[in-house]
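Here is a short briefing to read alongside the model.

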Amino acid sequence: MQNQLVKQFIQIDVETIKQGILKHLTYTVCKEPSTATERDWFNATAYLVRDYMAERWIDSMRTYYRDDVKRVYYLSLEFLTGRVLINSMMNLGIYELCCQALEQLDISRSCICELEPDPALGNGGLGRLAACFLDSMASLNIPGYGYGIRYEYGMFYQRIHDGQQIEQPDNWLRYGNPWEFPRPEMLHPVNFGGHVVEYTDEHGRKGYDWRETEAVMAMAYDIPVAGYGTHTVNNLRLWAAKASRDFHLEYFNKGNYFESVRDKNSSENLSKVLYPDDSTEKGRELRLKQEYFFVSASLQDILRRYLSTHHDLKGFPDKIAIQLNDTHPALAVPDLMRLLLDKYRLDWDSAWDITVRTFSYTNHTLLPEALETWSVQLLETLLPRHLQIIYDINSHFLKEVNYRYPGDIERLRRMSLIGEEGMKHVRMGHLAVVGSHKVNGVAQLHTNLMKQTIFADFDEFFPGRIINKTNGITPRRWLNQANHTLAELIHQHIGKEWLKDLSQLRRLIPLAENTEFRQHFQEIKLANKQRLSEFFQRPLGIEVDPNSLFDIQIKRIHEYKRQLLNLLHVITRYNYIRANPQDDILPRTVVFAGKAAPGYYMAKQIIRLINNVAEVINNDPVIGQRLKVVFVPNYNVSLAELMIPAADLSEQISTAGMEASGTGNMKFALNGALTIGTLDGANVEIRDEVGAENIFIFGLMVNEVNQLRARGYNPWDYYHSNSELKHVLDMLSQGYFTPQEPDRFKVVVDALLLGGDRFMVLADYAAYVACQSQVDDLYRKPDLWWRKAILNVANMGKFSSDRTIREYAEEIWQANWFHSN
């Protein structure tokens with residue numbers, strides 16, 4: 001397929017690529033081969049690959065204008081793209097040719113690829129989902145654009161010192177970014193503060209003027225996104241904050257050097273970091289300004305593009321679909337209304353009709369505290385006109401609610417966009433639901449729970465508005481690139497069609513019974529584990545047995561994801577080995593990775609606890625290689641690509657009803673790991689697809705969690721009734737792992753026993769430990785284990801992001817299929 005793509009689109013050979021790399025080395029990097037560093041070779045190669053993308057990119061944009069297609073805009077505060085070089089080579093169909101060219105130049109492909117930094121444009125599943133969706137839109141020839149922020153330092157670079165997370169700036173742009181195209185001519189002003197003046201125009205119509213604001217300029221940086229097996233290249237446009245006035249010469253000449261650049265620094269802080277710590281008033285202000293900054297610039301840009309070829313704004317929703325990825329871009333609803341009302345002078349009903357038909361909203365959480373709210377006071381200070389519009393939207397909406405349910409004051413209170421509990425605030429989830437024509441959950445269970453809990457009133461009021469779109473992942477990155485040896489094995493047996501149609505993997509089902517295929521599959525897994533073991537040895541200094549069961553939990557550190565439950569089992573296992581050193585214990589390597597939000601104290605304590613427990617276990621001579629614990633710092637996409645193909649067991653153990661979907665569960669299963677998990681998020685659908693006999697399910701279900709909570713959950717009952725659990729918790733509270741500071745983790749135990757154990761770690765402990773024993777038993781039967789692993793891969797067709805995007809296009813965006821040249 002790749003050779004066909006080259007012939008069809010690029011018509012190049014190894015020599016052409018080699019000469020292109022040398023040309024960029026000379027004319028772009030300005031080096032000659034004898035003095036070029038590995039980074040120089042990386043840049044030269046990247047610029048060549050970018051050239052090939054640029055040709056298709058220009059063709060794609062030209063075609064979109066020519067055919068007047070409907071465009072899809074995906075607004076997300078995160079785009080966790082991962083490294084671009086290999087992914088783009090593969091999608092363009094020139095990977096093998098580039099590898100051969102580099103070999104002829106005596107350049108190590110792996111060395112230069114490792115030099116590429118991970119773009120620090122996201123943190124977790126939200127941003128990775130957005131990146132998978134961009135890949136699928138381009139691969140399906142959907143005219144799709146991403147809009148986000150060009151963070152200078154990302155979230156943070158995580159280091160571990162004395163077991164604790166240390167946050168440092170992630171200076172990923174230190175050496176520049178060869179993939180981006182700066183657009184200094186593409187500047188949009190974004191305004192804050194000021195006040196609103198009401199006036200009457202010459203036609204007697206009331207109008208509003210937002211005056212005396214402070215402006216920050218948003219400058220565009222474009223990154224091409226190549227589709228796989230197609231000519232289409234779409235665009236990711238990221239905004240960087242620039243000061244409207246860079247430098248005060250008068251202050252400088254008087255020796256006041258700080259004041260001379262104060263405005264510049266203050267303005268450009270908006271695109272410095274992802275998710276500034278919002279535990280302070282200044283932090284909350286910066287975060288709100290950041291969200292509005294990218295929303296405002298994006299809407300101005302979308303309207304500019306639309307009006308360059310259209311003159312009637314009433315047709316806007318027929319040519320434009322805007323997807324809000326979570327509530328971070330929800331200010332787009334009042335901002336589009338502001339533009340339509342104040343700038344383009346539409347009447348309220350016309351503007352609201354356009355707005356609702358344009359927007360759709362993806363919800364990613366059922367946790368009430370995770371649904372964004374902003375204080376009315378802060379909005380009044382920073383965005384006074386938007387607050388007026390939100391009040392007007394609320395007034396119109398509550399009139400409709402009151403008409404449908406006259407006198408139901410409690411319903412009006414629940415559905416109001418303005419929350420009165422505590423400090424008066426705007427409920428951004430409510431705003432996004434009311435301002436969108438479709439609202440989707442990201443797994444069937446999550447969507448059902450949305451309808452029953454946080455948005456139950458809205459589901460009743462807007463029947464059919466809330467629908468499900470189960471998440472997916474791109475198989476191009478998460479199997480073909482991350483686990484290329486396994487991908488090649490699959491190619492040999494069923495061809496390459498699965499890269500565009502993941503349901504083709506079902507053709508592997510008969511091969512699960514093939515002894516030779518199982519042997520090859522097992523050998524590939526072992527090679528991936530050896531590669532990961534070498535990584536643990538080099539930077540981390542931890543020696544593990546690649547023949548041990550690799551048990552991996554990698555995700556954002558949060559109490560509901562229950563890394564703590566995993567660790568309680570690790571300590572239980574440790575205790576058993578110490579008490580029974582002569583027993584034949586199945587060796588395990590338990591791997592954790594993930595970042596804790598800087599202001600999330602308990603999550604940071606969990607990281608420290610994992611590292612302190614690992615220090616004791618890994619150095620206990622009684623344990624030896626039978627149990628190892630590894631915490632991998634600074635988890636990112638590239639580390640995921642290393643760890644996921646090496647996993648035997650995938651930990652998806654959130655409290656039932658807490659995880660919206662998860663996509664890590666899909667990536668692990670696609671790479672042949674078996675899942676241990678609760679019936680939460682997409683785990684339910686994975687079980688349905690792979691078969692209940694090919695997954696390890698344990699623990700309370702959603703209804704059981706609710707019933708237990710309603711009866712009065714008492715974690716002490718579990719502490720007193722389970723001697724293993726009691727022993728583990730006593731070890732933590734009495735300082736077994738930290739004798740120099742015995743009370744260090746008393747706060748963690750107190751949260752479980754005295755704090756009510758909100759996420760029911762203790763309630764699920766016994767079932768989890770028993771399920772882990774089933775894992776041990778099966779791993780000792782390799783034929784059965786590898787058969788089930790192959791069946792997991794074969795039945796993952798549903799979880800392609802291509803399927804998800806087709807459903808969005810057909811049922812939400814009404815985006816016409818576009819056939820590329």
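This is a predicted model: local features need pLDDT of at least 70, side-chain atom pairs count only at pLDDT 80 or more; totals for chains, interfaces and linings use all residues.

Residues are numbered from 1 along each chain as its sequence is written, and side-chain values use heavy atoms, leaving out hydrogens and water.

- Strand 2 (residues 144-149) and strand 9 (residues 233-243) pair in the parallel sense over five bridges; two strands pair if DSSP finds at least two bridges between them.
- Strands here are DSSP runs of E with at least two residues, and helices are runs of H or I with at least four, numbered from the N terminus.
- The open sheet has nine strands in the order 5-8-9-2-1-10-11-15-16, with mixed pairing.
- Strand 5 (181-192) and strand 16 (466-468) stand at the edges with a single partner strand each, so one side of each is left without a neighbour in the sheet.
- On average, neighbouring strands of this sheet are turned by 25° against each other, direction ignored.

**Helices on the strands**

- Helix 14 (residues 348-358) packs on the sheet, touching strand 10 (320-325) and strand 11 (359-362), and its direction makes about 40° with that of strand 11.
- Contact means heavy atoms within 4.5 Å; axes are lines fitted to C-alpha atoms, for helices over the stretch in contact, with angles from 0 to 180 degrees between N-to-C directions.
- The buried residues of helix 14 are W348, S350, A351, I354, T355, V356 and T358, where buried means under 20% relative accessible area (1.4 Å probe, protein chains only).
- Among the elements these buried residues pack against are helix 13 (332-343) and helix 16 (384-404).
- D347 caps the N-terminal end of helix 14, with a side-chain oxygen 3.2 Å from the backbone nitrogen of D349.
- Helix 19 (residues 444-452) lies across strand 15 (438-441) and strand 16, running at about 165° to strand 16.

- Another open sheet has three strands in the order 12-14-13, with antiparallel pairing.
- Its edge strands, strand 12 (373-375) and strand 13 (418-419), each pair on one side only.
- Strand 12 and strand 14 (residues 425-427) are joined by three bridges, and W374 stands opposite V426 in strand 14.

Key:
Buried means under 20% relative accessible area, exposed over 50%, partly exposed in between (1.4 Å probe, protein chains only). A polar contact is a pair of N or O atoms within 3.5 Å; within protein, one must be able to donate a hydrogen and the other to accept it, and residues adjacent in sequence count only if both atoms are side-chain atoms.
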